[in-house]
Amino acid sequence: MSKTVRIALDVMGGDSGAPVVIAGADLARERHPDASFILFGDEAIAGPILSRHPKLAAVSRISHTDVAIKMDDKPSQALRYGRKVSSMWQAVDAVRTGDADVVVSAGNTGALMAMAKVNLKSMTGIERPAIAAMWPTMRGESIVLDVGATIGADAQQLVDFAVMGGAMARIVFDIERPTVGLLNIGVEEMKGVESIREAGQHLKAANYPDIDYRGFVESDDIGKGTVDVVVTEGFSGNIALKAAEGTARQIGAYLRAAMNRTWRAKLGYLLAKPAFDALKEKMDPRKVNGGVFLGLNGIVVKSHGGTDAEGFASAIDVGHEMVRYALLEKITAGLSHAGAARQLAVANEVSES
């Protein structure tokens, strides 16, 4: 990898497109002087905006295309008309060709996953990729995957998610052997569907050197930060993510209503403002923006479509970190360990029979 982290941006992606993407890139540039950017999008739109950020312009170039993927497109539709010509496809393709080290997009999640899978292909041994999200907890942060890429995962796929999530955790949290738990309806070994029980038995028996498997965790353990990595399949993971985001907004609305109810409440708010500011900072979704697509031959980061410049900069931060600390190499090493463990388990079964 070159000393410069080369970041491809889908300028046309997201609810706001170029204004947010370029402003976010400028914020990220301040934090990462080793970064350069390729902006894929309509030059007539992106050019004037980029000119208002001269320091960013000095480390960026625009690759023109006027085809943008719509936020409500189905993945199949996006592939039909956007293959090779859209800003999203070309940004992903820059990673495949080696022109960029990572791609960041706030565009249509389904379309981005479809284009990434077609263009970059899955890593050897990975049947389905996963989306890993950062999750604020009482202990700091955890990683939760999958939050929407794979609906219904078998035991082997859950084990792969654990390995990939562990690799990401070693980078993000700078710990040698992150703790991992399987999301379940209870912590007892007999609970849950067969795929979860089977994955748990494998992770417990294999004793992988790169992850510390702690067994099953329940949904309230996510917010507690019981483990560094929470593994689930995409259906339940996406529901958990949306429920948590909705609950955070609900609590915020309740607090605002309560603080404005009486003059005493308003006075109490003023006295407790530093505490409320700290709470707001902790619950700010922009600070943990950026889902990483794991299991592909390239690094793809998905930003929330409706985020602002600060949130998009956070997604770029995640991508920069994944490149700088060699996510793909760590996943490959983890999968190699997992493959060796599986072969040993099969050999033991054969010998016992």
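Which residue in S8 does Val-180 stand opposite? Val-180 stands opposite Tyr-213. The structure is a predicted model, in which local features need pLDDT of at least 70, side-chain atom pairs count only at pLDDT 80 or more, and totals for chains, interfaces and linings use all residues. Residues are numbered from 1 along each chain as its sequence is written, and side-chain values use heavy atoms, with hydrogens and water left out.

Helices and strands are DSSP runs numbered from the N terminus (helices: H or I, at least four residues; strands: E, at least two). Strands of a sheet pair through backbone hydrogen bonds, either parallel or antiparallel. Here, two strands pair if DSSP finds at least two bridges between them. An open sheet is formed by 11 strands, in the order S3-S2-S1-S4-S11-S10-S5-S6-S9-S7-S8. The pairing is mixed. Strand S3 (60-64) and S8 stand at the edges. Each has a single partner strand, so one side of each is left without a neighbour in the sheet. From one strand to the next, the twist averages 25°. Axes are lines fitted to C-alpha atoms, for helices over the stretch in contact, and angles run from 0 to 180 degrees between N-to-C directions.

Helix H7 (residues 155-172) packs on this sheet. H7 touches strand S5 (130-137), strand S6 (140-145), S7, S9 and strand S10 (291-294). Its direction makes about 160° with that of S9. Contact means heavy atoms within 4.5 Å.

Buried means under 20% relative accessible area, exposed over 50%, and partly exposed in between (1.4 Å probe, protein chains only). Thr-179, Gly-181 and Leu-183 point one way from S7, while Val-180 and Leu-182 point the other way. S7 pairs with S8 (residues 212-217) in the parallel sense, over 4 bridges. S7 also runs parallel to S9 (residues 229-231), joined by 3 bridges. In S9, Gly-181 has Val-230 as its bridge partner, and Leu-182 stands opposite Val-231.

A right-handed β-α-β unit is made by S7, helix H8 (residues 194-206) and S8. Right-handed means that, with the strands pointing away from the viewer, the path from the first strand over the helix to the second runs clockwise. Ser-195 is found in H8. Ser-195 counts as buried because its relative accessibility is 19%. Beyond residues up to four places away in sequence, Ser-195 touches Ala-153, Asp-154, Ala-155 and Leu-158.

Two packed helices are described by the angle between their axes and the distance between the axes. The axes of helix H1 (residues 18-31) and helix H13 (residues 309-324) come within 7 Å and cross at roughly 55°. H1 and H13 are therefore oblique to each other. Angles under 35 degrees count as roughly parallel, over 145 as roughly antiparallel, 65 to 115 as roughly perpendicular and the rest as oblique. Residues making the contact include Val-20 and Leu-27 of H1 and Phe-312 and Ile-316 of H13.

Ala-116 lies in helix H6 (residues 109-120). At 0% relative accessibility, Ala-116 counts as buried. Ala-116 and Gly-298 are 182 residues apart in sequence, yet 8.5 Å apart in space, C-alpha to C-alpha. Leaving aside neighbours within four places in sequence, Ala-116 is in contact with Val-92, Lys-121, Phe-293, Leu-296 and Val-300.
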